[in-house]
Amino acid sequence: MLTMLRHLSVFKNEGRLDINYTPSRLPHREFQRNLLTQFFRFAIENPGAMTQRVLITGNVGAGKTVLAHHFGLEISKEAKERGINLNYVHINCRQCRGNLFMILQQTVLHFHPHFPKRGYSAEETLQMLMQILDQQNAYLILVLDELEALIEAGGSEPLYKLTRIQESHLKEPQRVSLICILRELKYLNMLDPSARSTLQRNIIKLEDYSTSQLQDIIKTRVNLAFRNEAVSPSTIQFISELASAKNGDARYGIELLWRAGKYADALELPEVSPECVRKASTDVYPVIQKETVTSLGLHAKLLLLGIARFFKHSEAAYLSMGEAEQAYNIACEEYDENKRGHTQLWKYVKRLSALGIINTEISTTGQRGKTTLISLPSVSASDLEQELSEVLSRRKEEA
Ligand SMILES: Nc1ncnc2c1ncn2[C@@H]1O[C@H](COP(=O)(O)OP(=O)(O)O)[C@@H](O)[C@H]1O
Ligand SMILES: [Mg+2]
């Protein structure tokens, strides 16, 4: 009889492996989670009496984003129960290309979904935000995730503006608190001393997870997402060891778990075996999201297409700025677009690098003197080329 049944998926709820899912428990982050609650007690007990600035730091996959989200969900709920208009707004600075206006615009959109997309400066938007908060008697906990992007793009200035706005409103009620999320503390050195010292006061440091901690995290997630006994203890152990080798990156572990489950389903296996994990781990790990590529401007896309093609047909690990320019020119001809000048291309290179799609480094060796070398760290050149060609030809059809 059993053989007549269609294969039963190993998953019971795949969505719980999604990067945007916030689990109700965060094993091994309870202390840091409590600390965050303590830092923001006033927001529930005496809102408006003060504001707070907290910095969360730790490596990729250490749980920075999920920690903030978990806190945001709970404090919002508690505020609501007490009739406090507290708003938790989580912005990813990298997705906003490190642009303060875009960050503020997204924040205002939380309150006014029809706020215009352009036409205002960052300062005006900030003023508007403060007005809205006053009008609605609202409080804001603004999370600046991947703060690196904001500092890379604007240095101290944007943070200075954000912290000063509250200082120019010194009389009560104070409305804006900040949670900054930064992978590497060395970025603080790029700030001026006053901006740095405000951020350094309350630091929550997330250490890399150990293998046994990862095991608890993975096991908890297995129970949420998989059918009973679909993932054996040895598979959990194996995944935890692999994630531990990646500096304790829980995200890698959870991705691997999901992908291994997909292999098990494709092979119609009743459980996720270590072999499924091995297969999954040899897959390319997609670090760049499709939306990131789609959201690029036309000429940044053309430049990236040129770069992808270069690497597709070359064994080299790096290409020079000059070579990138040549490849870009060819792409422009193909798509009938007027070439942008050198200065403009530089800006695209910087943007692509800020988005983490390319790496740039200055080479001082070789006869050519100083030149910028570009590499493609984390995506296959042919996948990228294919993706870009599709997006660009879709655009051509629409035109
Ligand atoms: N302590 C934890 N308990 C449960 N899940 C966790 C924990 N830490 C991290 N995760 C999960 O691991 C993944 C990566 O976490 P994330 O917060 O995105 O890391 P970071 O922002 O530090 O790079 C997410 O899916 C998150 O839900
Ligand atoms: Mg994160």
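Trainee: Before we start, what are the ground rules on numbering and confidence?
Mentor: Residues count from 1 along each chain as its sequence is written, while chains are lettered from A and ligands numbered from 1 in the order in which they are written. This is a predicted model, so local features need pLDDT of at least 70, side-chain atom pairs count only at pLDDT 80 or more, and totals for chains, interfaces and linings use all residues.

Trainee: What radius of gyration does the chain have?
Mentor: We take that radius over C-alpha atoms, and the globule rule is 2.2 Å times the number of residues to the power 0.38. With 399 residues, a compact globule would come out near 21 Å. The chain agrees with that, at 24 Å.

Trainee: How far apart are the centres of domain 2 and domain 3?
Mentor: The bounds come from an automatic or database domain assignment. They give domain 1 (2-9 + 209-282), domain 2 (30-206) and domain 3 (290-398). Taken over C-alpha atoms, the centres of domain 2 and domain 3 are separated by 33 Å.

Trainee: Where does ligand 1 lie?
Mentor: Its shell holds 18 residues (C-beta atom, placed from the backbone, within 6 Å of the molecule). Gly63, Lys64, Thr65, Ala250 and Arg251 come nearest. Helix 3 (64-81) and helix 11 (250-266) are the elements that give two or more residues to that shell; helices here are DSSP runs of H or I, at least four residues, numbered from the N terminus. Both domain 1 and domain 2 give residues to the shell, so ligand 1 lies between them.

Trainee: Which residues have the most contacts inside the largest nonpolar core?
Mentor: Such a core is a set of buried Ala, Val, Leu, Ile, Met, Phe, Trp, Tyr and Cys residues joined through C-beta atoms within 7 Å. Buried means 20 or more other C-beta atoms within 10 Å of a residue's own, exposed means 12 or fewer, and partly exposed is in between, with C-beta atoms placed from the backbone. The largest core has 41 residues, and those with the most contacts in it are Leu144, Ile179, Cys180 and Ile181.

Trainee: Is Asp336 buried or exposed?
Mentor: Asp336 sits in the loop between helix 15 (321-334) and helix 16 (342-354). Although it is not a glycine, Asp336 has a positive phi of about 60 degrees. Because Asp336 has 8 other C-beta atoms within 10 Å, it counts as exposed.
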